Every structure is written in C-alpha cells, then in structure tokens.
Amino acid sequence: MRLVFEAGEEKVFLAGKTGCGKSTLLRTLNGLIPDFYGGKLRGVVSVYGRKGNPEDVYLVTQHPEEQIVCSTVLEEVAFSLVQRGVEWRDARRIAEDTLEKVNAYHLCERKTETLSDGEKQLVTVCSAIASESRCLAFDEPFAHLHPDLARKVLDILLSDERTVVVSEHRLGLSERFDRVHWMGGESAIGVNLTKENIETRDCLERKRLLVRAKNASIFRGRRQVVEGLDFEVFEGEIVAVTGLNGSGKTTLLRAIAGLEKSDGIEVHGKPFMSFQYPGYTLNSGTVGGEVPAELLKTFGLEKYADRHPHSLSSGERRILAALKALRGKIVLLDEPTAGLDETLRIAFISKLIRIVRESSRCAIIATHDSSIAKLCDFEICL
Amino acid sequence: MNFEIGWTGGVEGRTTVLSVIFLTLSIYVSSFSPVTSAIVVLLCVLRKADCLNALPLFLPFIGFFAVSSFFLGGLYHSGVMTLATIALLLSGVLVSSLPPSEFALSLSWIGVPESWAFQVALALRVFYVLKEDARHCFEAAKFEGKFPYLRAVKAFVSVSILRSVALAETLYCRGYSGKIPGVLKKPKVADYLFLVSSVLLLVFSTVWALNI
Ligand SMILES: Nc1ncnc2c1ncn2[C@@H]1O[C@H](COP(=O)(O)OP(=O)(O)OP(=O)(O)O)[C@@H](O)[C@H]1O
Ligand SMILES: [Mg+2]
C-alpha cells in the first residue's frame with residue numbers, strides 16, 4: 001500500500017472497514033512497527049525524510065485508558081512537552097490553554113482515574129494537540145466523544161497548521177479534510193449482516209415491567225451524578241441513553257446492574273452489562289465459550305470460535321462482548337458500536353434489537369451515535 | 001465506612017518524605033520502643049486525621065502480626081510489635097497521601113535519579129489502573145453464574161497483559177525521556193513543624209538508644 005503525504009498542512013482522513021489495518025498503518029508512521037514490535041516491513045515509510053519515529057509523529061492509539069501515564073489531567077496534557085525539555089511553567093500554561101480551547105478547563109485538577117471514558121479520550125487528544133510534534137496521528141479519536149464535542153475538537157485540529165492524520169468511522173466528519181484515503185481490505189466480520197427493518201412498537205403490546213426509575217438519583221463514590229430521573233422499560237423495549245461526556249450514562253447502566261449506589265431504581269429480571277472496555281466482559285478461554293455457536297454464526301464470527309477472545313481486533317471484541325450480554329434478561333450495553341464502521345454498526349445493532357425483541361428481553365444502550373438512538377424505542381437524555 | 005486510600009495532596013512532598021524517613025528510623029533505632037511508636041502514631045494522626053481511614057484495610061495484616069508475635073514472645077511483646085507495626089503503616093500511609101508526581105519529585109530532590117523516581121510515580125498510576133481493571137473484571141464476572149471468581153481472574157490476567165504492552169507502547173509514543181511533570185510545592189508551617197518533630201524524635205530515640 002502506498003500513501004504519500006505532501007509536506008506541511010495537509011489534513012488526511014483515513015477511512016476503511018473495521019479491521020482493515022488502519023491502526024497498523026498508523027503504527028508504522030511513528031515507528032512502533034517495525035522498531036518497537038518487530039515484524040517485516042516491505043517498501044518504504046519515510047516521515048520528513050527519516051524513518052518513522054515518535055518525535056515527528058505523535059500517535060494517539062485506540063484505548064484512552066492506556067494512553068494515560070500521569071495521575072492528574074494537567075500533568076498528563078503537559079507530559080510530552082516536559083519530556084522534550086520544556087520548563088514546567090510553560091508546559092503548564094500550554095496545557096491549560098489547550099484544555100480551555102475544548103471547554104475542558106474544569107478537568108485540570110481532576111485525578112485521571114476518576115474520569116469517564118469520553119473525558120479520558122478528550123484528555124489524550126488534548127495531550128496530542130499540546131505536543132510539539134510536526135504530525136499528529138489519531139486512531140479513532142472521536143469514538144467516545146459526544147458529536148458536538150467531536151466537532152469542536154475537529155475544528156481545532158483542522159485549524160492547526162501541522163499535518164493531521166485521522167482514522168475514523170464517522171464518515172460525516174470527512175468532508176472538511178483535504179484528502180480522504182480509502183483503505184481496502186475486508187474484514188470477515190458481519191459480511192452476512194444486513195440492516196434489518198425494525199418498526200417501533202405500539203404501547204398496546206407492552207408486557208412485563210423490567211426497569212423503573214422514579215425520581216431516581218445515582219451516586220458515583222460520594223458524588224451525586226444523576227438526579228430526578230424518571231423512565232420505565234418493559235419487555236421487548238430498546239432504550240438509548242444519550243448525553244454529554246461525563247453526564248452519567250455509564251453510571252446509570254451500572255446502577256441498573258446493581259454496581260453503583262442509587263435511590264429509586266427498581267429492577268425486575270437478571271441484568272447483564274457489557275462494559276465500555278470489552279476486555280472485562282470476555283473471560284472464557286475461547287470465543288466459542290463466550291457466546292453460543294448459532295449466535296456467532298449470525299454475526300459472522302463462527303470461524304473465530306476456537307481463538308482466544310482477547311486475540312480478536314478491538315471491533316470484534318466489542319461485538320462479542322455485546323453478544324455476551326444477551327445472557328441477561330436486561331441487556332445493558334455501554335457504547336457497543338464505538339470503533340465499528342457505519343454500515344456494520346447499523347446492521348449489528350438492528351440485528352441485536354431484533355433478537356432482543358423476539359426473546360422479550362429489554363436492552364438499554366448508552367451511545368453517542370444518533371443513528372443508533374433513532375433505532376431505539378425511546379431515548380433517555382441525561 | 002470509606003476505604004478510599006487515594007491521595008489528597010494536603011501535605012507537602014519533600015518535608016513529608018523526609019519526616020517519614022526520620023520517623024521510620026526512630027522506630028528502628030529505639031528498637032521498637034512503645035513510647036516512640038506511640039509518639040509516631042500520635043504525630044501521624046495529628047498530621048492527617050483521615051489516614052486512619054486506611055487502617056481497617058490493614059486489619060487482617062495487623063491481626064496476623066499481633067497473633068504471631070504473641071506466640072513468639074508473649075503478651076507484652078505482641079503489644080509492642082503491634083504498636084510498632086501500626087506506626088510504620090501509618091507513616092507509610094502518609095506518603096500515599098501525596099500526589100504521585102510530587103512524591104516522585106521529592107524523591108528526585110533527595111537524590112534518587114529522576115528516571116527511577118518517575119518509575120515510582122508510574123508504578124502508582126499503573127497500580128490504580130490495574131486496581132480499576134480488577135474491580136471491573138470482578139463486576140463483569142458477577143453477572144455470570146458459574147465460577148465467577150475464576151473467570152474474573154482469567155479476564156484480569158488477559159487484561160493486565162494487554163495493559164502492560166500498551167503502557168510500554170504509550171511511553172514510546174509519547175517520547176518518554178524520564179522527566180517528571182509537575183512542580184514541588186512550598187512547605188507550609190505545619191509541614192515544617194512535622195519535620196522538626198520527626199527530627200527531634202529521631203534525635204531523642206538515638207540518644208536514648210545509645211545511653212542504654
Ligand atoms: N471511578 C470514578 N470515580 C469518581 N467519579 C467518576 C468515576 N468514573 C466516572 N466518574 C465521574 O462521574 C461522572 C459520570 O461518569 P460516566 O462514566 O457515567 O459518564 P458517561 O456519561 O458514561 O460519559 P462518557 O460518554 O464519557 O462515557 C463524570 O463526571 C465522571 O467524571
Ligand atoms: Mg461512559
């Protein structure tokens with residue numbers, strides 16, 4: 001594959017199917033491959049006339065949690081500058097300015113381990129913007145960000161005079177880039193999935209009540225995150241939970257699953273939650289041990305049945321974790337579609353919705369994706 | 001009860017690190033004298049009342065220590081050793097109330113090489129990441145019927161392997177060169193007072209130990 005950047009201010013959008021090798025390409029830019037991981041590289045990767053290196057190319061990889069090395073947000077954003085020998089006072093000022101630009105100044109003094117996943121992602125993107133590298137590369141930087149915030153971050157990236165390479169699945173964002181680079185390559189997953197037609201049901205068919213929140217308030221540690229929340233979910237219903245980053249979507253799901261302290265939430269039925277990071281949910285030795293064979297087949301995963309679940313790509317792991325949640329009567333999914341390409345995510349969710357309906361379970365889906373929220377019966381906006 | 005042992009940053013780094021070293025030394029120099037231990041406990045409690053919160057976490061450990069030293073040396077011995085253990089633990093807890101970066105900077109200030117000191121701060125960060133990971137793995141396994149504990153451990157092993165690879169990758173990506181971000185705070189009066197009392201305690205216990 002060949003990809004040529006013109007020097008200077010080009011903004012490149014990398015598009016392609018889930019699992020087509022975008023991450024691998026980005027890793028060659030900063031020399032992670034082959035310097036760090038080894039492996040064979042045929043052809044030439046040349047970055048500003050040198051081989052790929054982390055000084056010229058600042059790469060932000062997929063999982064925000066893994067990008068964070070400091071204990072407070074400010075130190076985290078200033079980290080790369082300090083490594084380059086910038087005085088702490090200057091580094092701090094730049095970090096504060098960067099956070100200010102994305103309206104995240106209030107996060108400055110927060111401990112990194114108490115951020116929501118979207119906030120963590122925002123912090124990693126800010127660290128990249130604050131760094132001094134000539135080229136910024138992002139692997140799905142918006143997957144956990146609220147669309148408004150994503151747009152804001154994009155504005156900043158596009159007005160930056162450095163080279164920016166973004167790999168993303170939300171094609172809607174690609175219009176404003178100088179160049180869109182399509183990567184070929186098919187992933188096996190979901191080839192036989194197509195979008196299902198699902199109509200919203202009328203209320204007459206409603207059956208058993210599964211979850212009810214009445215003036216509910218939910219706590220995270222000692223802090224009250226959500227208050228005055230009212231909703232009811234019946235068998236066969238699909239609900240979307242939307243809201244800004246840090247508004248308490250994950251916290252709400254955790255409360256329904258009984259993992260977080262809450263007042264005023266009744267749950268009738270067995271909940272099963274699939275977390276925002278899929279690794280936690282996958283704890284069998286093989287993919288086949290996680291999810292029954294026919295379900296794997298429906299989603300095109302059957303040939304992985306003997307592999308270890310953690311050896312799959314991150315999109316595949318996410319789908320697998322979501323499917324595993326079907327073991328419960330109340331299916332709780334936290335961002336099941338982050339990192340999946342557009343056609344796949346709609347096909348996947350509509351299929352999932354159909355299964356949930358037919359088996360009279362209910363599903364509560366926390367998501368930033370409005371097209372997913374539209375497929376649901378109703379939306380809880382936090 | 002609240003088992004949080006997270007740092008709050010209420011105390012200053014350099015004086016705290018020095019004081020803790022002096023306090024620990026005094027306990028050893030005075031060969032675990034109950035008077036010294038009691039003074040250390042008192043100082044720690046005065047310094048930061050909520051470090052007592054963490055004590056319940058160590059109860060099993062303290063209990064084990066008390067019982068084993070009872071069988072080794074009788075009631076008096078057991079009491080003395082338990083008190084000394086509590087004192088050592090409390091002064092350790094005092095260090096854990098420092099922000100990791102400040103702790104690392106203080107270490108490098110007293111002469112530990114900067115990259116080693118950063119490793120300490122990083123280890124603390126990794127500790128929190130892994131603690132959260134472990135918690136999530138256990139929570140996820142709770143939803144499953146059979147062998148939740150075993151499953152949680154399995155998931156945790158896989159996750160922590162992935163995490164450690166990712167951490168190395170991140171340090172590479174971010175151009176890590178061993179410098180610690182952050183600045184040292186200025187000590188306040190209370191910090192100096194604490195330092196002075198720990199020095200005094202060390203001096204007295206040394207003199208006392210030499211006289212015997
Ligand atoms: N472990 C934690 N300890 C304390 N506070 C936390 C913790 N995790 C999250 N929070 C805080 O609780 C609030 C709600 O977090 P939550 O994870 O529910 O947000 P969210 O809506 O899921 O956001 P996102 O879209 O970014 O995933 C946020 O302000 C967050 O900073
Ligand atoms: Mg969330």
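**Reading the calls in a two-chain model**

Visitor: Why does A:Arg212 count as partly exposed?

Guide: Its relative accessibility is 26%. Buried means under 20% relative accessible area, exposed means over 50%, and partly exposed lies in between (1.4 Å probe, protein chains only). A:Arg212 falls in the middle class, so it is called partly exposed.

Visitor: What kind of model is this, and how are its parts numbered?

Guide: This is a predicted model: local features need pLDDT of at least 70, side-chain atom pairs count only at pLDDT 80 or more, and totals for chains, interfaces and linings use all residues. Residues are numbered from 1 along each chain as its sequence is written, chains are lettered from A and ligands numbered from 1 in the order in which they are written, and side-chain values use heavy atoms, with hydrogens and water left out.

Visitor: What makes A:Arg212 and A:Glu266 a salt bridge?

Guide: The N to O distance is 3.5 Å. A salt bridge needs a side-chain nitrogen of Lys or Arg within 4 Å of a carboxyl oxygen of Asp or Glu. The pair meets that limit, so it counts. A:Arg212 lies in strand E6 (residues 209-220) and A:Glu266 in strand E9 (residues 262-267) of chain A, so the bridge ties together parts that are 54 residues apart in sequence. Strands (E, at least two residues) and helices (H or I, at least four) are DSSP runs, numbered from the N terminus.

Visitor: Which class does A:Glu266 fall in?

Guide: Partly exposed, with a relative accessible area of 33%. Elsewhere, salt bridges that share partners join A:Arg220, A:Arg254, A:Glu260, B:Glu132, B:Arg135 and B:Glu139 into one network.

Visitor: How do you know that the bridge of B:Glu169 and A:Arg27 joins two chains?

Guide: The two side chains meet at 3.0 Å, N to O. B:Glu169 lies in helix H6 (residues 148-173) of chain B and A:Arg27 in helix H1 (residues 22-29) of chain A, so the pair joins two chains. Both residues are buried.

Visitor: Why are A:Asp160 and A:Arg162 called buried?

Guide: A:Asp160 has a relative accessible area of 14%, and A:Arg162 has 15%. Both values sit under the buried limit, so the label holds. These two also form a salt bridge, with the closest N and O atoms 2.9 Å apart.

Visitor: How is the interface of chain A and chain B sized?

Guide: The buried area is about 4500 Å², and carbon and sulfur atoms give 54% of it. A:Gln83, A:Tyr280 and A:Asn283 supply 16% of the area that chain A buries against chain B, more than any other three residues. Buried area is the accessible area (1.4 Å probe) that two parts lose on being put together, summed over both.

Visitor: How many residues take part in the contact?

Guide: Chain A gives 54 residues and chain B gives 47. Contact means heavy atoms within 4.5 Å.

Visitor: What makes A:Gln67 buried or exposed?

Guide: Its relative accessible area is 3%, so it is buried. A:Gln67 sits in helix H3 of chain A. Leaving aside neighbours within four places in sequence, its contacts include A:Glu76, B:Thr170 and B:Arg174.

Visitor: How many salt bridges cross the interface of chain A and chain B?

Guide: The rule finds seven. One of the model's bridges pairs B:Glu144 with A:Lys324, the closest N and O atoms being 2.7 Å apart.

Visitor: What makes B:Ser33 and B:Thr36 a polar contact?

Guide: Their side chains come to 3.1 Å. A polar contact is a pair of N or O atoms within 3.5 Å; within protein, one must be able to donate a hydrogen and the other to accept it, and residues adjacent in sequence count only if both atoms are side-chain atoms. The pair passes, so it counts. B:Ser33 lies in the loop between helix H1 (13-29) and helix H2 (34-47) of chain B. Its relative accessibility is 8%, so it counts as buried.

Visitor: Why does B:Leu193 count as exposed?

Guide: Its relative accessibility is 56%, so it is over the exposed limit. B:Leu193 lies in helix H7 (residues 189-211) of chain B.
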